[in-house]
Protein chains: 2
Amino acid sequence: MTSTVRIGLVGMGTVGGALVQLVQEQHDDIAALTGVDLVVQRIAVADVTKPRAVVLEPGVLTDAVDDVLAADDVDLVVELVGGVEQPRKWVRAALSAGKSVVTGNKALLAAHGRELFDLAVDHGVELLFEASVAGGIPLMRALQKSLRGEPIERVMGIVNGTTNYMLSSMTEDGADYDEVLAEAQALGYAEADPTADVEGHDAQAKAAIIASVAFGVSLTDGDVPVQGISSVTATDIANARRLGYVIKLLAVVERSGERAPYEISARVHPTMVPIGHPLATVRGSFNAVFIEGGAVGELMLYGRGAGGRPTASAVLGDVIEAATGIAHHSVRPLPALRDAVVRPPEASTSAFYLDLAVDDQPGVLAEVAGVFGANGVSIRSMEQEGLGAEATLAFITHRASERDMAATIEKLAALSSVNRVGAHYRVISDE
Amino acid sequence: MTSTVRIGLVGMGTVGGALVQLVQEQHDDIAALTGVDLVVQRIAVADVTKPRAVVLEPGVLTDAVDDVLAADDVDLVVELVGGVEQPRKWVRAALSAGKSVVTGNKALLAAHGRELFDLAVDHGVELLFEASVAGGIPLMRALQKSLRGEPIERVMGIVNGTTNYMLSSMTEDGADYDEVLAEAQALGYAEADPTADVEGHDAQAKAAIIASVAFGVSLTDGDVPVQGISSVTATDIANARRLGYVIKLLAVVERSGERAPYEISARVHPTMVPIGHPLATVRGSFNAVFIEGGAVGELMLYGRGAGGRPTASAVLGDVIEAATGIAHHSVRPLPALRDAVVRPPEASTSAFYLDLAVDDQPGVLAEVAGVFGANGVSIRSMEQEGLGAEATLAFITHRASERDMAATIEKLAALSSVNRVGAHYRVISDE
């Protein structure tokens with residue numbers, strides 16, 4: 001027995017177009033595998049006269065978005081426009097009209113996720129968003145379903161393909177930031193205004209969503225301190241490499257404490273990853289998410305984080321799940337998200353890398369080490385590079401708080417024997 | 001609002017014990033995240049007097065399995081015993097009594113999956129089995145839900161930790177098969193009788209399950225040709241490495257044809273994996289599954305394939321999903337599996353590696369190459385190692401059928417200039 005489920009789509013850009021094409025190609029297989037007959041009933045677009053790559057029945061395209069959101073002949077709404085305030089109204093309208101919604105809109109969820117999830121529960125419908133983080137990688141479903149009972153400790157993700165492409169190029173070719181940015185723009189991997197990617201804002205929204213889903217709490221992008229890659233230099237990458245690390249832009253989400261309410265820390269920053277770590281092998285524009293849990297141990301999911309067809313594949317998985325629920329009149333509402341207890345950024349902890357240009361004379365190391373110690377930061381390793389006026393000390397610390405590390409850096413900068421405080425990075429360690 | 005769901009467990013070995021412990025530890029978090037209050041109501045074991053590592057309420061343990069399978073105060077049955085015929089009866093009894101079932105039993109599903117899935121559909125209950133393949137890695141849910149609309153082309157998995165540990169040791173230490181087997185046995189990674197692992201039978205059952213789930217067809221372990229790792233030598237590994245490959249035992253599942261009914265091929269064999277391929281980086285006892293789809297592109301899931309707590313984590317994810325369905329009276333039955341059109345093993349295709357000990361004299365290569373060509377096998381690369389009586393030719397072919405490759409090998413062996421046909425392996429290539 002096959003049930004027909006009618007999709008209303010808002011937006012038909014790269015992902016929307018790929019989704020419609022995929023539904024057409026896979027229609028019969030989906031029906032055979034799930035018993036659901038998917039129909040693209042209506043698509044709201046800004047310009048109905050614009051030529052489209054996919055062939056559509058007459059009357060499918062409309063420029064009246066309400067013909068999708070509130071129409072009696074639409075069972076399920078897919079929002080693929082982007083932006084925040086307009087999609088927020090649309091998703092609210094669709095949920096309020098009793099329709100399940102699938103979206104790939106990370107900015108919307110990072111800003112207003114809680115309100116929308118609550119609305120979905122109130123109306124007994126589903127709000128699915130696999131495509132919002134890490135494109136085709138089935139991360140959301142893994143966190144929400146497979147790992148729902150898992151004591152997740154930490155999730156670290158390479159969730160922005162543009163910056164991973166750029167850092168990979170800098171690592172492999174020794175090129176400088178400006179060079180690889182220009183190259184990435186020429187290849188279409190980076191936008192003309194690359195700010196959202198290179199300053200980490202894209203990853204920031206994704207970190208908020210990962211934290212919300214992994215820990216069942218409400219976090220917004222405003223809770224996520226962010227540092228991008230525009231200050232990463234070829235020298236930093238070479239220094240990291242000499243010590244056995246590669247530099248990756250990571251979204252890091254951690255839980256601390258033994259019992260609820262746990263403290264949650266979410267942040268985005270360039271990070272030194274040991275070359276033997278699975279995340280270090282993720283090259284080019286690929287994404288990967290590394291999960292550490294008290295029972296499951298180490299888990300990594302790897303794949304395409306962007307692009308029309310990979311992202312449409314994730315949207316389609318959600319569409320089929322929501323459609324199956326509609327076909328069987330079976331919704332499984334989740335409890336509301338709880339308030340997050342956000343760990344103050346200065347209290348979050350990490351191992352650190354720090355390099356210092358110093359006077360190469362007896363007693364300097366003792367003085368420098370004394371500053372670390374006085375501020376509660378314990379040194380794990382130190383290496384001197386160069387001699388005389390060129391001498392640089394590279395330190396890796398044990399786990400320390402941001403607060404203690406900031407105080408250490410401030411005091412080191414004030415020493416007369418320290419000529420320059422160079423780069424500092426968080427470091428993934430086993431501690 | 002919280003709904004109580006009562007679990008009946010059959011078997012309390014390593015995984016069962018870890019599951020009970022995890023349910024106890026995570027009970028409150030699970031209730032907060034899902035609204036389900038999980039209770040371990042009853043556990044059937046062979047010996048109720050045996051001391052147990054977890055603390056249980058009096059009356060929970062029983063040696064009467066029917067007190068679990070058919071009891072009115074059990075909502076959900078978890079089978080964690082292993083074997084085939086007894087668990088088959090138990091799972092049938094539980095499903096027939098209207099209870100959803102969670103199992104990690106790969107042998108049972110590879111032999112009788114279709115019958116059990118049909119029974120679940122008939123009784124309107126769920127049969128979940130995430131833990132049966134690749135332990136803690138959320139592969140089954142990814143294939144069944146996230147990728148349900150994806151045109152999956154191929155799935156290749158390192159799904160046996162013992163053999164991956166052994167091959168990794170051989171690769172990294174240059175050790176021989178017998179040495180690493182003894183070491184793996186000493187460390188508890190391999191059993192006293194290692195046949196099921198090293199001859200590939202464990203991976204064979206998992207390949208049948210992966211094929212069934214990925215393509216929605218019924219395949220049994222009897223449909224999966226298997227070759228283990230006991231014939232892999234240190235020399236083979238060194239030869240592979242020189243050419244830029246590592247040898248991994250892979251379960252490979254492929255679909256061919258453009259429209260349903262597709263031909264399905266599933267097989268298990270040692271395989272040469274290019275060192276730049278994500279599967280090549282999977283070391284030690286870790287598992288990983290690499291998925292290629294027409295829309296999603298390349299996807300890899302990596303993690304712990306065995307062990308009490310990782311496997312229990314996967315079981316717990318299924319328990320929570322089934323319990324949520326029970327709490328909300330919401331079951332989403334799947335259509336029955338279809339018959340598989342199994343591609344005849346001799347028609348399945350791959351690139352191949354083959355080495356030959358030959359007389360080092362003019363004309364031999366032409367003669368050998370002529371045999372490849374006459375049998376329809378196209379050579380991609382050839383390298384000579386050694387000189388004179390020691391000369392070895394190592395070939396890598398383009399994609400060819402098993403049938404053509406077998407004919408080529410037979411004809412080569414008959415040439416007077418070929419002193420010995422050495423090892424041959426399937427090779428992962430981009431074709």
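Which residues have the most contacts inside the largest nonpolar core? Select Val289(A), Val319(A), Val289(B) and Val319(B): these have the most contacts within that core, which has 285 residues. A nonpolar core is here a set of buried Ala, Val, Leu, Ile, Met, Phe, Trp, Tyr and Cys residues joined through C-beta atoms within 7 Å. A residue is buried if 20 or more other C-beta atoms lie within 10 Å of its own, exposed if 12 or fewer, and partly exposed in between, with C-beta atoms placed from the backbone.

The model is predicted: local features need pLDDT of at least 70 and side-chain atom pairs count only at pLDDT 80 or more, whereas totals for chains, interfaces and linings use all residues. Residues are numbered from 1 along each chain as its sequence is written, and chains are lettered from A and ligands numbered from 1 in the order in which they are written.

**Chain A as a whole**

Colour chain A by secondary structure to display 13 helices and 19 strands; helices (H or I, at least four residues) and strands (E, at least two) are DSSP runs, numbered from the N terminus. The radius of gyration, taken over C-alpha atoms, is 24 Å for chain A, close to the 22 Å that the globule rule (2.2 Å times the number of residues to the power 0.38) gives for 431 residues, so the chain is as compact as a globular protein of that length. Its C-alpha trace spans about 80 × 50 × 35 Å along the principal axes. Of the 431 residues of chain A, 52% count as buried.

**The parallel sheet**

Next, select the open sheet of six strands in chain A, ordered β3-β2-β1-β4-β5-β6 with parallel pairing. Strands pair if DSSP finds at least two bridges between them. At the edges stand β3 (61-62) and β6 of chain A, each with a single partner strand, so one side of each lacks a neighbour in the sheet. Then show β1 (residues 3-10) and β4 (residues 76-79) of chain A, which pair in the parallel sense over four bridges. Ile7(A) stands opposite Leu76(A) in β4(A).

**Ala134 in both chains**

Move to Ala134(A), in the loop between β6 (127-128) and α5 (139-146) of chain A. Its phi is near 60°, a positive value in a residue other than glycine. Most residues other than glycine have a negative phi. Ala134(A) counts as buried, with 33 C-beta neighbours inside 10 Å. In chain B, Ala134(B) is found in the loop between β6 (127-128) and α5, and its phi is also near 60°.

Now select Val289(B). Leaving aside neighbours within four places in sequence, Val289(B) is in contact (C-beta atoms, placed from the backbone, within 7 Å) with residues including Ala134(B), Val155(B) and Met300(B).

**Where the chains meet**

Display both chains: 55 residues of chain B are in contact with 55 residues of chain A. On the chain B side, α1 (14-34), α5 (139-146), β12 (297-304) and α11 (308-327) each give two or more residues, and α11(B) gives the most, with eleven residues.

Zoom in on β12 (residues 297-304) of chain A, which five bridges join to β12(B) in an antiparallel run. Here Met300(A) stands opposite Tyr302(B).

Finally, superpose the copies by least squares on the C-alpha atoms of residues with pLDDT of at least 70 in both. A rotation of 180° with 0.0 Å of shift along its axis places chain B on chain A (RMSD 0.1 Å). The two copies are thus related as by a two-fold rotation axis. Of the interface residues of chain B, 100% are also interface residues in chain A, so the copies meet through the same surface.

Technical notes. Two residues are in contact if their C-beta atoms, placed from the backbone, lie within 7 Å.
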